[in-house]
Structures are given as C-alpha cells and as structure tokens.
Amino acid sequence: MRGTPSGLRAWLLQRLTAVYMIAFVIFLLAHFATDASKSYELWRSWMMHPEASIATFLFFTALLLHAWVGIRDVVLDYLQPMIVRLPVLAMAGFSLLAMEAWVARILLLSP
Amino acid sequence: MAEFNHARPTFFNLLRIEFPVGAITSIGHRVSGVVLALCTPVLIYLLEASLRSAQDYEWVRALLDTAPVKGLALLTVWAFAHHLFAGIRHLLMDIDVGSSLRAARLSAWLVNIASVGVVLLGGGMLL
Amino acid sequence: MKFFIYRFNPEKDSTPCMQHYDIALQPEDRMLLDALVRIKAADDSLAFRRSCREGVCGSDAMNINGRNGLACVTRIAGLKEPVDLRPLPSFPVVRDLIVDMTRFFKQYHSIKPYLINDEPPPEKERLQSPEERSKLDGLYECILCACCTSQCPSSWWNPDKFVGPAGLLQAYRFIIDSRDQATRERLEDLNDPYRLFRCRSIMNCTEVCPRGLSPSRAIEKIRLLMVKESI
C-alpha cells in the first residue's frame, strides 16, 4: 500500500512517545530518590495532584501508543497470513484501548 | 535416473549464522519490549490498588516483598533497563550519534552489560 | 586445511548436505578463493561463482563461518577450521554455493537506480561541485554482492516487501545526488510500513559489507530526510 504514509508516521510516533517517556522516567526516578513517599496518604496526594496525574496519564498514553507501534512491528515481521494477523492486531488494539480507559478512570476520573 | 529437483532449498540454519553484538542488543530490545507490553496491565493493576485505600497500598507493598514476585520484578527490571538503554542507543543513532560501526559495537556492548548490571544492582537491593 | 562445504545438486539431490574436504594448500594461497579453486581442482563437481578475484565484482559472496563475505578478499589465515562454507542465507540455492539473486535484483530495480532529470541534457555533463560529489562517497562503491541483504533479519522475514539494505543504500545514492530531481518521489515511494520501515537498525548489514559501506547509516539519513520533507 504505497499511498498510505503510515511508515513514517508510526516511526515518528514511536520515537516521540519514547522521548516523553524517558523524560518522565528520569523525573520520576529523581523524585523518588529524593523524596520516597512511604505512606499511603503522601503517595496518593502526590499522584492525584493535577500536574502529576495528568503527566502520568500522558505517560501511559505514550506507553500504549508506543506499545502499539512495537506490537504492530512484531506482527508485521513474523505473522504474515492474514487469518492470524488481523485477529492478533485487533486484540492488541482493543487491549491497549481498554488499558487507556482504565488508566483514565484511575488517574482522571476518581474523586 | 533421479528427477531434476526444481525446488530450490535455502540455507537458513540460525544456529550456523553469526549474530554480531548489535544483533543481540536488537533481539533483546524486541524481547524486552514484548515482556514490558505484557507487564503493563499488571503495572496498571498495582497502580490502581496502591491508590485505592491504605489497606490496598499495604497489600501491594507486602506483595512486592514476596520471593516469587521479586523474581518477576527482576525480570521486569531487566526488560525495562535493556529496553530503555537500547532505546536511547537507537534515538542517538537516529540523529547520527554513534552510528559508525565501531561506535555502534561499543554502545551495543555497553547496553548489554549495563542492563545486566542494573539487574544485579536491583537484585542486591531487593534481597 | 579442513573445509565443510554445503552441497546441493538439483540433478541428483533431494536435499542439501554438508561435505568434508581436507586440502593441501600452497604458500601462495592467501585468500579463501585460492583454496576453493584448489578444492575444485580435486573435486570438479563443486560449483561456485567467481570472476574478478579482487573484491570488485561481488560474484563470490558466501557465508563463511556464519558471516557473509567475499571469498576472494577473505584471508585464509585466521579462519577457524573446519572452514564452514554455505550459500548466502535465505536466498534460493541453485547449486552448491550458487544462489538465485532474482529477488535481490528485483528490489534493487524497484528503487529506480538511475538518474531522473527531465531538464534537457547540457552539451557536456550535468555539473556537480566537489562537495556535492563527495556526498556520493560511501554509496556508489556498492558492488551488489548481497552480503548485507542476506544477513539482514528484516529481509529474512519480508524479502518481497522490504527493499533491503543494498536497495536502500542505492536509493539514498540517488536521493542525495544533486543532479537527480526525483527526490520527493523517491522518498514517497519508500514511505510505507514495509519498503524502508522494516529496518530496525540491527546493523548486520554494516557489519558484513566487504566494501566497508554502511547501509544502516544511509537508511537513517533517508528517514531524517523523510521527516524534513513531511514537516
């Protein structure tokens, strides 16, 4: 399918989400190295703070998009027959969407 | 008189083909990626539990203290470290940093060793 | 010196097999091709391609102790014995060490390996500055031996859809040629999930290229150009 520009788009998405995730992980590791919240209350109040919860939600969004490109690459490489490829890609896509919704509920929609 | 064999075989014995260090890093990158993708739902589950209530938070902490979970955690730590380091190597090569053969071999060795190093460190801390 | 060589004769064999050889070499035999010629003198049935014997035609590309290379420029000294000789991986074997290169050349042709310039040709040559010409260094030297492409795992899994390192190196050779005017079309042609983007920078190609070229780097440069063109 030479018309669809999905080669570059997927690659760029994979790289950009990777950069965001690296930045987030470095920030997270720095935070917990200097301020390891040991109690439930401290942990919850930090995570549910608007900045932290949104940044973490973005992290998971980036993670799921990154995982999609990666899984798609693995499937395109090893699973050629359409009868296996389509269901596997569909299952992977739906699972990732479900996880996105799950994370949204945890971080953005709970009281 | 034997029939002419029209089927052309191929040499494809992976045990007889050399895999340079970069190829090892690359397959490790792929395997670690799949491991991390499979771990993601577990991670989200633990995140949810740790935020739900003080009891659930303690439950998660206790769980992470048990031996089999520590083992799995080490596997996840390797997967995370290798995927992260190999990923950074890829990102740098994308902008033409370290893409010469010599530099790429060196960085591949570094990635392979560093991720094992992180596991040993992590293992030491967990035990 | 001991050799362990892949044998397949379509006129007699149903499956390939490996054959042992023990050949006395002379002091003037320095390259693997010299040894192969001696083996052939003893066993005329062994088939392999060879021509220039100096590393410029690419005919004698084969898998040597697991790693692709040209027999005529691979030194005998330093080869682990028994020297394991097999045809290029994943390519259909015609006979013994001779492989069918059709698919490889098909991918090469698919990237339009010729200058595309619709302007009327000048009286003499289309001019190019030394800087512009230097951009072709590391690209034009490819001899299409297929060592890279047959060692590339992405080519193994998708040989018909992934262009492969050799084809992509040549694609870049024309993309950055200042005299070529089809840059945009060339970049668009490579922009699908397979033609270029199966490449994961494993770098087996650069490892084995007998001319010291770097297809992985060329592919990386194409990607950067694609990003520049798209934004």
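In chain C, the C-alpha centres of domain 1 and domain 2 lie 29 Å apart. Keep in mind that this is a predicted model. The domain assignment puts residues 2-99 of chain C in domain 1 and residues 102-230 in domain 2.

Let's step back and look at chain C as a whole. Chain C has eight helices and seven strands, and its C-alpha atoms fill a box of roughly 60 × 35 × 30 Å along the principal axes. Of its 231 residues, 42% count as buried. If you take the contacts in chain C with a separation of 6 or more, 65% of them join residues 24 or more positions apart.

A few spots in the backbone of chain C are worth a look. The peptide bond from Glu81(C) to Pro82(C) is cis, with omega near -10°. You'll find Pro82(C) in the loop between strand S4 (67-70) and strand S5 (83-86) of chain C.

Another loop of chain C, the one between helix H6 (183-190) and helix H7 (204-208), holds Ser201(C). Met203(C) lies in the loop between H6 and H7 of chain C too. Neither name is a glycine, yet Ser201(C) has a positive phi, and so does Met203(C). The table gives the angles and the neighbour counts.

| Residue | Phi | C-beta neighbours inside 10 Å |
|---|---|---|
| Ser201(C) | about 55° | 22 |
| Met203(C) | about 75° | 27 |

Is Ser201(C) buried or exposed? The cut-off for buried is 20 or more other C-beta atoms within 10 Å, so Ser201(C), with 22, counts as buried. Met203(C), with 27, counts as buried as well.

Now for the neighbours of chain C, beginning with chain B. Their contact takes 22 residues from chain B and 33 residues from chain C. On the chain B side, H1(B), helix H3 (67-94) and helix H4 (101-126) each supply at least two residues. By class, that side of chain B has eleven nonpolar, six polar and five charged residues.

Chain A touches chain C too: 13 residues of chain A are in contact with 13 residues of chain C. Two elements of chain A give two or more residues to this side, helix H1 (6-34) and helix H3 (50-78). The largest share, six residues, comes from H1(A). Sorted by class, this side of chain A has eight nonpolar, three polar and two charged residues.

Let's finish with H3(A). How does the span of H3(A) compare with what its 29 residues should give? At 1.5 Å a residue, H3(A) should span 42 Å, and its end C-alpha atoms are 42 Å apart, so the two agree. Buried residues in H3(A) include Phe59(A), Phe60(A), Leu63(A), His66(A), Ala67(A), Gly70(A) and Ile71(A). An α-helix has 3.6 residues a turn, so residues three or four places apart point the same way. The buried residues of H3(A) pack against H1, helix H2 (40-48) and helix H4 (82-109) of chain A, together with helix H1 (21-52) of chain B.

Technical notes. Residues numbered from 1 in each chain as written. Chains lettered and ligands numbered in written order. Predicted model: local features only at pLDDT ≥ 70, side-chain atom pairs only at ≥ 80, totals over all residues. Contact = placed C-beta atoms within 7 Å. Helix = DSSP H or I, 4+ residues; strand = E, 2+ residues; numbered from the N terminus. Nonpolar A, V, L, I, M, F, W, Y, C, P; charged D, E, K, R; others polar. Buried ≥ 20, exposed ≤ 12 C-beta atoms within 10 Å, placed from the backbone. Expected span 1.5 Å × (residues − 1). Domains from an automatic or database assignment.
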